[in-house]
Amino acid sequence: DSRLKTGVNLAAYLRTQGHEDAAQALSDEPGADTLRVSIVGGIVGVGGENHVIDRCASRGTMNGLDAMGGVVGLNEGRITDCTLSGSMGSATQDYIGGIAGLNVGTLENCTAGKNCTVTGRTAVGGIVGFNLSGGQVQNCTGSANVSGAGRVGGIAGENGGVIVLSGAKAGARRVTGSGSGVGGVIGVNTV
């Protein structure tokens with residue numbers, strides 16, 4: 001389908017769903033006027049506002065499109081106790097996360113396993129690529145190896161929401177980037 005290649009205007013979609021702050025954050029991104037993404041997830045593309053995804057596992061290998069997550073491409077609802085045990089992404093993709101590519105909902109008690117690799121260009125995270133305003137990440141563990149050009153983090157590549165981590169230790173992981181905004185937990189925090 002040719003619409004997959006052209007994608008959707010993500011900021012406009014978020015505005016229609018009532019996520020104005022998240023839409024504004026994306027509008028401030030470089031190249032936002034032409035930002036169109038194809039939202040892809042290992043379990044579901046878009047987890048809507050009242051959707052709950054609980055106790056699932058993504059074990060395969062994924063790559064190919066922007067805004068991609070091991071469980072969900074865009075999460076507006078609640079994802080709990082899900083795991084990534086595969087590898088995903090490629091060096092040409094943006095908004096790539098082990099559990100969610102983009103998040104304006106809640107990710108809780110999720111894990112990206114120690115033998116996983118999450119790869120992208122910008123906004124790449126072991127759990128979420130971009131945790132937007134309104135998004136919450138709670139007690140998630142990122143042990144995946146994460147790499148990208150910039151805005152790369154063990155939990156979130158970019159964070160504009162809330163991240164609360166438990167005392168649970170992440171396993172040994174490598175977080176690498178060739179540009180700015182690279183961190184063991186968060187690549188760039190905009191809050």
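User: Hi! Is Asp54 buried, partly exposed or exposed, and which class is Arg55 in?
Analyst: Asp54 is partly exposed, because its relative accessible area is 37%. Arg55 is exposed at 65%. Buried means under 20% relative accessible area, exposed over 50%, and partly exposed in between (1.4 Å probe, protein chains only). Keep in mind that this is a predicted model, where local features need pLDDT of at least 70, side-chain atom pairs count only at pLDDT 80 or more, and totals for chains, interfaces and linings use all residues. Residues are numbered from 1 along each chain as its sequence is written, and side-chain values use heavy atoms, with hydrogens and water left out.

User: What does Asp54 form with Arg55?
Analyst: A salt bridge, with the closest N and O atoms 3.1 Å apart. The term stands for a side-chain nitrogen of Lys or Arg within 4 Å of a carboxyl oxygen of Asp or Glu.

User: How many salt bridges are there in the whole structure?
Analyst: The search finds 5. One of them joins Glu108 to Arg78, with the closest N and O atoms at 2.6 Å. That pair links distant parts of the chain, since Glu108 sits in strand 13 and Arg78 in strand 8 (residues 78–80), 30 residues apart. Strands (E, at least two residues) are DSSP runs, numbered from the N terminus. Glu108 is buried at 18%, while Arg78 is partly exposed at 33%.

User: And what about Arg151 and Glu158, buried or exposed?
Analyst: Both are buried. Their side chains meet in a salt bridge, 2.4 Å from N to O.

User: Back to Glu108. Which residue stands opposite it in strand 18?
Analyst: Gln138 does. Strand 13 (residues 106–108) and strand 18 (residues 136–138) are paired in the parallel sense over 3 bridges. Two strands count as paired if DSSP finds at least two bridges between them.

User: What is the strand order in the open sheet?
Analyst: The 5 strands run 3-8-13-18-23, with parallel pairing. Strand 3 (52–54) and strand 23 (162–164) are at the edges with a single partner strand each, so one side of each has no neighbour in the sheet.

User: New topic: where is Ser58, and what lies by its side chain?
Analyst: Ser58 belongs to strand 4 (residues 57–58). The backbone oxygen of Gly70 lies 2.9 Å from a polar atom of the Ser58 side chain. Ser58 counts as buried, because its relative accessibility is 6%.

User: Last one: how far is Gly153 from Thr176?
Analyst: Their C-alpha atoms are separated by 8.4 Å, and the two residues are 23 apart along the chain. Gly153 lies in strand 21 (residues 150–153) and counts as buried at 0% relative accessibility.

How values were computed. Helix = DSSP H or I, 4+ residues; strand = E, 2+ residues; numbered from the N terminus. Polar contact = N/O pair within 3.5 Å; in protein donor to acceptor, adjacent residues only side chain to side chain.
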